[in-house]
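Look over the sequence and the structure first, then read on.

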Amino acid sequence: MTQDIEPIFHPHLWGLTDKQARLCDMARNLAVEKFAPRAAGYDRNASFPSENYVDLAKSGLLGICIPETEGGLGADLKSYMLAAAEIGRFCGATALTFNMHVSSCLWTGDLLDQLAFDAELYQSHQQMRRLHYQRILNEGKIYSQPFSEGSAAAAGFKAFGTTALKTENGWVINGKKIFASLSGHADYYGALCTELDSPDAPHSRRNTMYIAIPADAKGVRVEGEWDPLGMRGTVSRTLIFENVEVDRQAQLMPAGIYPQAASRWPHMFMTLTPSYMGIAQACYDFTIAYLRGEIPGVPPVKRRMFPTKQLAVAQMRLMLDQTKSLWFQAISEARPDPCQESLMRAWSAQHTVMENANALAQLAIRTCGGQSMLRSLPLERLYRDSRCGSLMLPWTAELCLDMLGKAALYKPGESDDD
Ligand SMILES: Cc1cc2nc3c(=O)[nH]c(=O)nc-3n(C[C@H](O)[C@H](O)[C@H](O)COP(=O)(O)OP(=O)(O)OC[C@H]3O[C@@H](n4cnc5c(N)ncnc54)[C@H](O)[C@@H]3O)c2cc1C
């Protein structure tokens, strides 16, 4: 059954490496067999996909972006994105939360490995990250990525309000993170904070710290309801840190490195897209199967002979091909210090995937018709989940347009004030 499902990106046609093809197969097999049957339940109950994480740990995928030298599967950004899209196809919420977990390894692993920085600092970073990697690989621990605070910080325009006050042995953390996916379910919250030497020191983006706060530490609490439109299994509630004491080992990146990594490795913000690339493919796949009368549990009535359906499917196919091609090209260009042309393509791809996933879901419902949006079928969940992609900071659909327009019209350093 699993073998019948074609990969989103066929290895030969898209020139995937053997390793990329293998990782995609692993992810797709797990998602088809285990995640797809559970997806409706997590969505209905807005509950976290804990069972899926047990499977991810067993398969080794929890360590997909941990370097091979540290015992992980050693996927780089592109390889991870391709594999994660296969998960997004069958459970968007699992793929999105998986991204939050994986980012803690990708950012501290392959992305930092490609940024040459001080040898001594790098050596101490390698030692630090080993502790986190071993927890993931040996104990199945889950990390999350709560950055958003409801201010301009997550968009990269100001310093984080969550603070890490230096102490003799580590830091004291205070602050609040909103939309914290995996809240109450991750073992460690990988939070971005502003490091302070003293309580009244000014906040500066240069002092951004990336710290893994143990979920069971004193002073950590989860607040608020979680009953959203879509991506309900992400359980993205509010996290409060109140005088939480963490030791030096909690550090995920050396002090001051995050702002450098964020500006030199902008493609790292694209890691929110694979969930939605998978959803876009799923909407198309569903529509084809539905019109061919091949959806299990639905009377096998074919609707493919109507010209209106054929035209609609052609329109969907165009949109899917455009989305896949642009996304694949953008993730193939991912590297430190990309040129402006590459960066603009990354914004175009981000905008296209996030908006087209939802546009494809809308077309799918319109084309398949009333019976297709019953809750017993996945299409209405895909429709709701797909709406969330454009809202994700720092590269929301709006901000992508904003950056693209400016970059197209102004050369670096140019302004109209002269
Ligand atoms: C399902 C889901 C899961 C999420 N999980 C996480 C998570 O795990 N970790 C995490 O950190 N966040 C997470 N987020 C949060 C997400 O990344 C955004 O931070 C959040 O959706 C922003 O909320 P808002 O639209 O109310 O923000 P606002 O800050 O009110 O922004 C509203 C809109 O204004 C625009 N905008 C914002 N700032 C500027 C600016 N300076 N200039 C111009 N335009 C601007 C943007 O387009 C934005 O969409 C999640 C969100 C969703 C929907």
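Contact means that the C-beta atoms of two residues, placed from the backbone, lie within 7 Å.

The chain is divided into domain 1 (2–141), domain 2 (163–260) and domain 3 (265–409). These bounds come from an automatic or database domain assignment. The C-alpha centres of domain 1 and domain 3 lie 21 Å apart.

Residues are numbered from 1 along each chain as its sequence is written. Local features need pLDDT of at least 70, side-chain atom pairs count only at pLDDT 80 or more, and totals for chains, interfaces and linings use all residues of the predicted model.

## Two helix pairs

Helices (H or I, at least four residues) and strands (E, at least two) are DSSP runs, numbered from the N terminus. Axes are lines fitted to C-alpha atoms, for helices over the stretch in contact, and angles run from 0 to 180 degrees between N-to-C directions.

| Pair | Axes come within | Crossing angle |
|---|---|---|
| α5 and α8 (274–291) | 8 Å | roughly 160° |
| α2 and α3 (50–59) | 10 Å | roughly 160° |

α5 and α8 are therefore roughly antiparallel (an angle over 145 degrees). Their contact is made by Gly92, Ala95, Leu96 and Asn99 of α5 and Pro274, Ser275, Gly278 and Ile279 of α8. These residues divide into four nonpolar, four polar and no charged.

The angle makes α2 roughly antiparallel to α3 as well. Met26, Leu30, Lys34, Phe35 and Arg38 of α2 meet Glu51, Asn52, Asp55 and Ser59 of α3. This contact has three nonpolar, two polar and four charged residues.

## Around the ligand

Of the 22 residues around the ligand, Phe147, Ser148, Phe179, Ser181 and Glu398 come nearest. A residue is near if its C-beta atom, placed from the backbone, lies within 6 Å. β3 (170–180) and α12 (397–409) each supply at least two residues of this shell. Domain 2 and domain 3 each give at least three. By class, the shell has 15 nonpolar, six polar and one charged residues.

Methods
Parallel < 35°, antiparallel > 145°, perpendicular 65-115°, else oblique. Nonpolar A, V, L, I, M, F, W, Y, C, P; charged D, E, K, R; others polar.
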